[in-house]
Amino acid sequence: MPHPIPTPCPGRCNAAWRKAEQQLALQGTEHHLTPQWGKPVHCLGCTDRAQVQLGELPELVAAIWLEALNGTPTKTTGTIGRVSTPVWPGQAARLLTDHIVGGMRDLEDDIRSLRDLNARRTGRREGADVTAATRFLTAHLPWALEHHPLAGELYDRLSGNPASQISEWHRAAERFTSRDRRLEHRRVPCPRCELLTLFRADGDDYIECRNINCGLLLTPLEFDEHTRALASECRGIRAA
Ligand SMILES: [Zn+2]
Ligand SMILES: [Zn+2]
């Protein structure tokens, strides 16, 4: 049997590499990054991460509920730049829960129909649904990361790739409950939205704008160039 040609993992592991490749194509900027290869679609790191994040969702959803019950509507950490502000205590928690639980249900329904399985049991309480969806998605994750029609779609906040979706739910929940991984704040404005929302998370090889309306990704090299450009702009202003 011929070996399949390896393809780069579509996951977030290759965000910086994809960016660098784009610049190579557009501007001829050379880079020395190598991609993570899919085995066969996602790399092992992205597969493991999706598995772990999925397993943590029930507890995170519960934490969102607790947050709402305790009535701390101002705790919308990480939603800098969000246009709408919650109008009643708990509304932000409700919206986020609907987003995550609704997304999990949709993904489960999707996989059930793609794999010709019985329809999902409905009419259960939300908590029971989260537990059941987590169990189902965990069991079908290896299949989903390889055979789901969107398994090869590139990592992005809005991607239908199952790994991207899981990572997006997980990240939104972690931010809401203030459990973000250690983030390093880069105190220069984002080159796209101009807010002070550039962060580099532990283990990430790129810098990300956490303004939910922007989401720009920068390679370390681009970030350095951006910082240098800003610095020389400032010098220009002072000299004038
Ligand atoms: Zn990967
Ligand atoms: Zn931005």
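Leaving aside neighbours within four places in sequence, A173 is in contact with L57, L60, V61, I64 and I100 (contact: C-beta atoms, placed from the backbone, within 7 Å). The model is predicted: local features need pLDDT of at least 70, side-chain atom pairs count only at pLDDT 80 or more, and totals for chains, interfaces and linings use all residues. Residues are numbered from 1 along each chain as its sequence is written, while chains are lettered from A and ligands numbered from 1 in the order in which they are written.

A173 also belongs to the largest nonpolar core, which has 32 residues. A nonpolar core is a set of buried Ala, Val, Leu, Ile, Met, Phe, Trp, Tyr and Cys residues joined through C-beta atoms within 7 Å. A residue is buried if 20 or more other C-beta atoms lie within 10 Å of its own, exposed if 12 or fewer, and partly exposed in between; the C-beta atoms are placed from the backbone. L57, I64, I100 and A173 touch the most other members of this core. Helices α2, α3, α4 and α5 each supply at least two of its residues. The largest share, 8 residues, comes from α2. Another core, of 8 residues, lies apart from it and includes A16, C190, I207 and L218.

Helices (H or I, at least four residues) and strands (E, at least two) are DSSP runs, numbered from the N terminus. Helix α2 covers residues 44-69. Its 26 residues should span 38 Å at 1.5 Å a residue, and the end C-alpha atoms are 38 Å apart, which agrees. The expected span is 1.5 Å times one less than the number of residues. A kink of about 40° lies at L57, shortly before the proline P58. The bend is the angle between axes fitted to the seven residues ending at a residue and the seven starting there. Buried residues of α2 include C46, T47, R49, A50 and E67. Their cover includes α3 (91-114), α4 (126-147) and α5 (162-176).

An open sheet of 4 strands has the order β1-β2-β3-β4, with antiparallel pairing. Strands pair if DSSP finds at least two bridges between them. β1 (183-186) and β4 (217-218) are the edge strands, each pairing on one side only. β1 and β2 (residues 198-201) pair in the antiparallel sense over 4 bridges. A201, in β2, is the bridge partner of L183. A201 counts as partly exposed because it has 15 C-beta neighbours inside 10 Å. The C-alpha atoms of A201 and H185 are separated by 8.7 Å, and these residues lie 16 apart along the chain.

Notes:
Contact = placed C-beta atoms within 7 Å.
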